[in-house]
Amino acid sequence: MTCADVERLADAFADAELPAPTMLAVARHAAGCSTCDESVRRLQALQESVAQAVRAETDALDLSGVWPAVAAAADRVDARRSWSRRARALPAALAGALAVAAAAVFWMQGVRPAVESGPAVVVSRTLPNQAYIDRLAGKDLRLRREPRSGTTIIWVNATAGDLGR
Amino acid sequence: MNRAAAVALGMLGAALPIAAAVALGMEVQVVSVRAAERGSSDAELQPVRARLRRLVGYRSFRVVHEERRQCSWRNTEEFAIPGGRSLRVMPKGMQDEAVVMQVRLLDGRRRLVDTDVRLRNRGTMLLGVGHRAGRADGALIIMLKAEAQ
């Protein structure tokens, strides 16, 4: 390793970009050569001052608005993709929606309006032979149905009491 | 028979059952059943035992009180329920083959349940009182059946 080699490699040495054996060779030469040592030290000091200046500039940056803006932009992109997907799926969706609407119309014809309104309203459509609950009020109640027969039970969470027999 | 007379007879035939139903009101049957985790079940409840078992989880069902009463429309009838409770039923009318009625289960003056139901004519609905299925203290099941004449 000569002074010319160190002068050629000094920048890469200061940036620690050299292979380890070359880094070691430059360091050994600089340790025994005051000129090269001074040159390398100046480069390292310059690099350090540049790094400090960059850090100060970076710390001064206000990035608080960046991620909300990114998120908003991503939402807009998602929304556009979603609408384009919907538009592409329109023929199938249209057919499905028509089927659902037809079913809803038939179902609504079978559902009767509530007799009275009350504080708590539960409307259940039942199998043919049982009960429609139009209004249900009370404390700690549960409504259950047995699907096979369509039997409805209103369950009160309370002590059964003395039932005799 | 001329056409007008036939129409009049037809209308009379259609109106008579309606008038009779309005005049007669309906019959309400209230059966109080004690449900328990162990024990035998009453023979009269055998047809509904499986249904009750699925609904409330107990295994034994015994009738503790039964009452059948004629009710007139828009009049409240009170049925005694074991354990100091009562069931108040007010039939309001018929709607699409269902009896529209207000049902209240009372514990003294306290309303445990206050509901408006449309119960299919000759259909049965249930009210249950208890803490949890399968508990040793059992539960009370009230079977409410309505039949308009």
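Q: What makes up the secondary structure of chain A?
A: In this predicted model, chain A has 5 helices and 3 strands. Along the sequence the pattern is α-α-α-α-α-β-β-β.

Q: How many of the residues of chain A count as buried?
A: Of its 165 residues, 23% do. Buried here means under 20% relative accessible area.

Q: What share of the contacts in chain A between residues at least 6 apart in sequence join residues at least 24 apart?
A: The share is 19%.

Q: Why is D5(A) called partly exposed?
A: D5(A) has a relative accessibility of 24%. Buried needs a value under 20% and exposed one over 50%. The value for D5(A) falls in between, so the residue counts as partly exposed. D5(A) sits in helix α1 of chain A, residues 3-14. From D5(A) to H29(A) is 24 residues in sequence and 9.8 Å in space, C-alpha to C-alpha.

Q: How many residues of chain B and chain A are in contact with each other?
A: On chain B there are 41, and on chain A 37. The area buried between the two chains is about 3,500 Å². Carbon and sulfur atoms give 49% of that area. L55(B), D116(B) and R118(B) supply 21% of what chain B buries against chain A, more than any other three residues.

Q: Why is an area used to describe an interface?
A: The size of an interface is often given as the accessible area lost when the parts come together.

Q: What makes the pair R135(A) and D114(B) a salt bridge?
A: The side chains meet at 2.8 Å, N to O. The rule asks for a side-chain nitrogen of Lys or Arg within 4 Å of a carboxyl oxygen of Asp or Glu. The pair therefore qualifies. Across the interface of chain B and chain A the rule finds 4 salt bridges. It also finds 22 residue pairs in polar contact there, both residues at pLDDT 80 or more.

Q: Which elements of chain B each supply at least two residues of the side that touches chain A?
A: They are α2, β2, β4, β5, β6, β7 and β8 of chain B. The most comes from β6(B), with 9 residues. By class, this side of chain B has 20 nonpolar, 11 polar and 10 charged residues.

Q: How do you know that strand β3 of chain A pairs with β7(B)?
A: There are 5 bridges between them. Pairing needs at least two, so these strands pair. They run parallel. V156(A) stands opposite V129(B).

Q: Which side chains of β3(B) are buried?
A: E77(B), F79(B) and I81(B) point to one face and are buried.

Q: Why is E77(B) called buried?
A: E77(B), in strand β3 of chain B, has 18% relative accessibility. The cut-off is under 20%, so E77(B) counts as buried. Its side chain makes a polar contact with that of R69(B) at 2.8 Å. The limit for such a contact is 3.5 Å. Beyond four places in sequence, E77(B) is in contact with residues including C71(B), L87(B) and V89(B).

Q: What makes the phi of E97(B) worth a remark?
A: Phi is near 65°, a positive value in a residue other than glycine. Most residues other than glycine have a negative phi. E97(B) lies in the loop between β4 and β5 of chain B.

Q: Why is E97(B) exposed but R122(B) only partly exposed?
A: Exposed means over 50%. E97(B) has a relative accessible area of 54%, so it is exposed. R122(B) has 49%, so it is partly exposed. R122(B) lies in the loop between β6 and β7 of chain B. Its phi is also positive, near 70°.

Methods. Residues numbered from 1 in each chain as written. Chains lettered and ligands numbered in written order. Heavy atoms only, no water. Contact = heavy atoms within 4.5 Å. Buried area = accessible area lost by both parts, 1.4 Å probe. Polar contact = N/O pair within 3.5 Å; in protein donor to acceptor, adjacent residues only side chain to side chain. Helix = DSSP H or I, 4+ residues; strand = E, 2+ residues; numbered from the N terminus. Nonpolar A, V, L, I, M, F, W, Y, C, P; charged D, E, K, R; others polar. Buried < 20%, exposed > 50% of the residue type's maximum accessible area, 1.4 Å probe, protein only.
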